[in-house]
Amino acid sequence: MTAPAKLIVHHIPVCPFSQRLEILLALKGLRDQVDFRVVDITQPRAEWLLKKTRGTTALPILETPEGRILKESLVILQYLEDVFPQPAVAQADPYRRAVENMMTRLEGEFCTQGYVFVMNQNPERREALREGMLKQYARLNDFLMEHAPDGTYLLDDFGWAETVFTPFFMRFWFLEYYEDFDLPHEPPYERVRRWRDACLAHPAAQQVSKEEIVKLYYDYAKGAGNGALLPGRQRSSFVFEPDWRGRPWPPKDKYGHSATDEELGL
Ligand code: GAZ
């Protein structure tokens, strides 16, 4: 007897948008229900994949057993929640669901600010970008103060909003390393710090580590996103081989020095 056809997710393993799907499935104990297939972002997209997406390159995408394609991590997240309703991660109560959906709507600007900050190459823009990042955290802090001033998570437990944001909290380890950015110990950030720290520590969200993020995202810190190649380099920091575990920690001074493949252990 053949096993029932599985859902397939084509993804880039360290991509924050794909980690959302993995966290949701981990919370449900259903990681095995989806066949995650790795796409190497440092290579041009394969024809068979472009055919499935009708030409778009952003991942993750989900492929149903009938060969239908879904795009956009938040859409796929809801689809997985609907296909595997138990245990529920999304809130059942309409008002509480609306609250987590409002917080979800804050993810876009939060993400953009962090990536623009890490990719910035102009030291004169650094302070403004730091302030912009702090504003984003302050906004999350305010939202949490309105809806859950005394708790840790937004609602009772690690749920939908935490699934959406935790991958960015982890990616933003690159700001700590390459920009010396961290949340000040000040009242406007205390509530969001409590939330972030609990999110980072949650057992369902341990798909990547700080060391992996810092090493793989070196090229982002030098201004090259999505597996693009920097001048003078033969290999992207996003390559799977050599494995990140065997590479040295990259230089922290992104404004002062451009590391070679050799220095990066590539
Ligand atoms: N909105 C989509 C979703 O699924 O939620 C976003 C998917 C996406 O951007 N995927 C990226 C991708 O496949 C990988 S993760 N890129 C390859 C391609 O050919 O499109 C990068 C950014 C950024 C925010 C995030 C990322 C990132 O700027 O982590 O700038 C370069 C990409 C705001």
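Figure 1. A backbone N or O atom of Leu59 lies 2.7 Å from an oxygen atom of the ligand. Thr57 also takes part: one of its polar side-chain atoms is 2.6 Å from a ligand oxygen atom. In the side chain of Ser73, an N or O atom is 2.7 Å from an oxygen atom of the ligand. A polar contact here is a pair of N or O atoms within 3.5 Å; within protein, one must be able to donate a hydrogen and the other to accept it, and residues adjacent in sequence count only if both atoms are side-chain atoms. Of the 750 Å² of accessible area that the ligand has on its own, the protein covers 77% (areas come from the Shrake-Rupley method with a 1.4 Å probe).

This is a predicted model, in which local features need pLDDT of at least 70 and side-chain atom pairs count only at pLDDT 80 or more, while totals for chains, interfaces and linings use all residues. Residues are numbered from 1 along each chain as its sequence is written, and side-chain values use heavy atoms, with hydrogens and water left out.

**Figure 2. The shell around the ligand.** Let's step back to the neighbours. The ligand is surrounded by 16 residues, and the closest are Thr57, Leu59, Glu72, Ser73 and Tyr115 (a residue is near if one of its heavy atoms lies within 4 Å). By type, the shell divides into ten nonpolar, four polar and two charged residues; Tyr counts as nonpolar, Glu as charged, and Gly is among the polar ones. Helix 5 gives the most to this shell, with three residues. Helices are DSSP runs of H or I with at least four residues, and strands are runs of E with at least two.

**Figure 3. A ligand between two domains.** Domain 1 (7-83) and domain 2 (94-205) both give residues to the shell, so the ligand lies between them. These bounds come from an automatic or database domain assignment.

**Figure 4. Two cis peptide bonds.** Now look along the backbone. Gln86 and Pro87 are joined by a cis peptide bond, with omega about -10°. You will find Pro87 in the loop between helix 3 (73-83) and helix 4 (94-104). From Glu241 to Pro242 the peptide bond is cis too, with omega near -5°, and Pro242 belongs to the segment after helix 11 (218-221).

**Figure 5. A positive phi at Arg54.** Arg54 is a residue other than glycine with a positive phi, near 55°. The loop between helix 2 (47-53) and strand 3 (61-63) holds Arg54.
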